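Welcome! Take a moment to look over the protein below, turning it around before you read on.

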Amino acid sequence: MSAPVVTRFAPSPTGFLHIGGARTALFNWLYAKRFGGKMLLRIEDTDRSRSTQEAVDAILDGLTWLGLDWDGEPISQYARAGRHQEVAKALVDAGQAYYCYATPEELAEMRETARAEGRPPRYDGRWRDRDPSEAPAGVKPAVRLKAPLDGETVIDDKVQGRVVFANKELDDLVLLRSDGSPTYMLAVVVDDHDMGVTHIVRGDDHLTNAARQTLIYKAMGWDVPTMAHIPLIHGPDGAKLSKRHGALGAEAYRAMGYLPAAMRNYLARLGWSHGDEEIFPTEQLIQWFDLDAIGKSASRFDMQKLQNLNGHYMRAQSTDELMRDFAAFLPHAEGGAPVAEWLSDKTHDKMFRDALPGLKERAKTLVELLESAEYLWATRPLALDEKAEKLLAADGARDALKGLHETLSALDVWSAETTEAAVRAYAEEADLKLGKAAQPLRAALTGKGTSPGIFDVLDVLGREESLARIKDQAVS
C-alpha cells in the first residue's frame, strides 16, 4: 500500500503571496485533496535580512482568502537550523560530506580563473580529499557535499518527463556555511524528508535544484519524493509575468473585487486542462486534477479572461453567497467601510439583497458591483456624473420628470411592474419615446447615466425615496 500523499507549499516571506505562488499553492492543495492527503505549509525564512512577519501574515491571509487550507501549523525553516546542522554532521561522519577551508579570496580566484578559461564558475574540490589536520589556523570551515564525479542524476518529473544531469556539471555544493548556517539546498531536503513530503510540486525554475537536492537525498539514504516542476506564468505578450501583466499579490486581486472561487478556477487553468472545459467548480477541480495533465509550456495570464470568468461566477452565485463574498470584500475596498456600516441596518441589507439580481448582471467584479450600487446609499440631493448631467440638461428632460412624478405619485401599488406600466403610459400620452422619459428618470434616481434596469431601481428604492429623488431634479 502506497504512503498517503503529502504535498507542501513553501513560500519565502519576503513579500506578498504573488499570483505564481498562489497557483503553486493551489496545485499542491488540489493534488492533496484529490488523493485524500495533506498539504503542509512551510515558511522558508532562513534569509533573515529579507524575511518579515508582515510578509508571513500576508501569505497566510492570501491563502485563507483563496480558500486554500493547510494541515497542521505552519513550519518555520529558520527554527529548524539545529536539525539541518545535525544532518550535515551525519553526512560528514558518513564520508558523504567534508569540511572545506577555502577562504573567500580563494573562492573568488577560482571563479575568476574559470571565467577566464571559459568554464562555468565551480568549486574545484581542493578540500574534498585532504586531511582536516591540514586546516589553516583561524579559518572556520564550510561543509560541502561530496557529490559523485561521474555518471548521471535523473529526475523522472511528472510534468517535464525524464530530465538527465551529468554529475560532472554538479559541483560539491555547500551544505553549511562557515558561520554554521544551513544553505537552502540542505534545509529544503531535510525539511521535506522530516515532514514526510511525498510529492514536490513547484516552479520549473527549481529543476536544476532538484538534481542537487536528489544528491543529498541519496547521500542520506532517503527516498526521493516524486517531483513535478510546473512552467512559469507569462503575460499575454509571452514575456515574463510582471506587474503590468498582473503579477500582483493575492490581496490586490481581493481589493480589485475578484471572487476566491473564480480565482481558483482561473489559476487552475493556467497550465492545467481537462478537455475543453473552462469553468470548474472547486469540487470538480478536486475530482479531476492530476499532475500528468499539466502542460510543459508557459501559460499566459490574461486579465480580460479572468474578468469574464469572475463575472460568470458572480451571476451564478446565490444572493447569500454573493452577499458573503461582498461583505468579505468591503474591508479591503476603497470606500468600503461606510458601505459596511450602511448594510448593518436590516432595512438597508434587504434593499441591497433585492437589488443584487439586477446589479450582478452588469458587473464583472465586486468593485463594479460596489460602484453600480452606489445609488442605494447615495444621499440627497444626488451628485450627478457627467452623463447624468447631460441627460437632465436635455430639452424637455425636467418637464418629463415633473410629469413622471405626478404619474408615479398616483400609483396605489409600487412595484417594478406597476412603475413600468405607469412610465410607459406617461411616455405614450406625452408623445415621447420611452428613452426620453426613462433616461432622465435614470439620472434622477441614480445620479448616473448607466444603471441596472430603471424599473428595478424604482422598486428597490421604494415609493418615498424614488419620488423624493425625482422631485429634487425636476425642480433644479
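The model is predicted, so please read each value as something computed from it. The protein chain has 20 helices and twelve strands. Its radius of gyration is 31 Å, well over the 23 Å that the globule rule gives for 476 residues, so the chain is more spread out than a compact globule.

**The whole chain**

- Along the principal axes, the C-alpha atoms of the protein chain fill a box of roughly 105 × 50 × 40 Å.
- Out of 476 residues in the protein chain, 47% count as buried.
- Take the contacts between residues at least 6 apart in sequence: 74% of them join residues at least 24 apart.
- The accessible surface of the protein chain is about 23100 Å², and 49% of that belongs to carbon and sulfur atoms.
- There are 58 positive and 72 negative side chains in the protein chain, and the centres of these two sets are 3 Å apart.

**Helix H5 and what follows it**

- Helix H5 spans residues 184–194 and is mostly covered, with eight of its eleven residues buried.
- Those buried residues are Met185, Leu186, Ala187, Val188, Val189, Val190, Asp191 and Asp192.
- What covers the buried residues of H5? The cover includes strands S1 (6–9), S2 (38–43), S8 (174–176) and S9 (199–203), along with helices H3 (81–93) and H6 (207–220).
- Just after H5 comes Gly196, which takes a positive phi of about 75°.
- Thr198 sits in the loop between H5 and S9.
- Thr198 counts as buried because its relative accessibility is 18%, and the cut-off for buried is under 20%.
- The side chains of Thr198 and His199 are joined by a polar contact of 2.7 Å.
- If you set aside neighbours within four places in sequence, Thr198 is in contact with Ala3, Pro4, Val5, Val6, Pro225 and Thr226.

- Look for Arg128 in the loop between helix H4 (104–116) and strand S5 (142–145).
- Is Arg128 buried or exposed? With 14% relative accessibility, Arg128 counts as buried.
- A polar contact of 3.0 Å links the side chain of Arg128 to the side chain of Asp172.
- Not counting residues up to four places away in sequence, Arg128 touches Tyr98, Tyr123, Lys146, Ala147, Leu149 and Asp172.
- Asp71 is in the loop between helix H2 (53–66) and strand S3 (75–76).
- Asp71 has a relative accessible area of 34%, so Asp71 is partly exposed.
- Leaving out neighbours within four places in sequence, Asp71 is in contact with Gly37, Lys38, Met39 and Leu40.
- Asp71 and Leu41 are 30 residues apart along the chain, and their C-alpha atoms are separated by 7.4 Å.

**Backbone features to look for**

- Most residues other than glycine have a negative phi, and most peptide bonds are trans.
- Asp431 is not a glycine, yet it has a positive phi of about 60°.
- You can find Asp431 in the loop between helix H18 (416–429) and helix H19 (434–446).
- Asp431 counts as exposed because its relative accessibility is 70%, and the cut-off for exposed is over 50%.
- The peptide bond from Arg380 to Pro381 is cis, with omega near -5°.
- Pro381 belongs to the loop between helix H15 (374–377) and helix H16 (386–393).

How values were computed. Residues numbered from 1 in each chain as written. Predicted model: local features only at pLDDT ≥ 70, side-chain atom pairs only at ≥ 80, totals over all residues. Heavy atoms only, no water. Buried < 20%, exposed > 50% of the residue type's maximum accessible area, 1.4 Å probe, protein only. Helix = DSSP H or I, 4+ residues; strand = E, 2+ residues; numbered from the N terminus. Contact = heavy atoms within 4.5 Å. Polar contact = N/O pair within 3.5 Å; in protein donor to acceptor, adjacent residues only side chain to side chain. Rg over C-alpha atoms; globule rule 2.2 N^0.38 Å. Areas by Shrake-Rupley, 256 points an atom, 1.4 Å probe, with all protein chains shown as cover. Lys, Arg positive; Asp, Glu negative; His and termini not counted. Charge placed at Lys NZ, Arg CZ, Asp CG, Glu CD.
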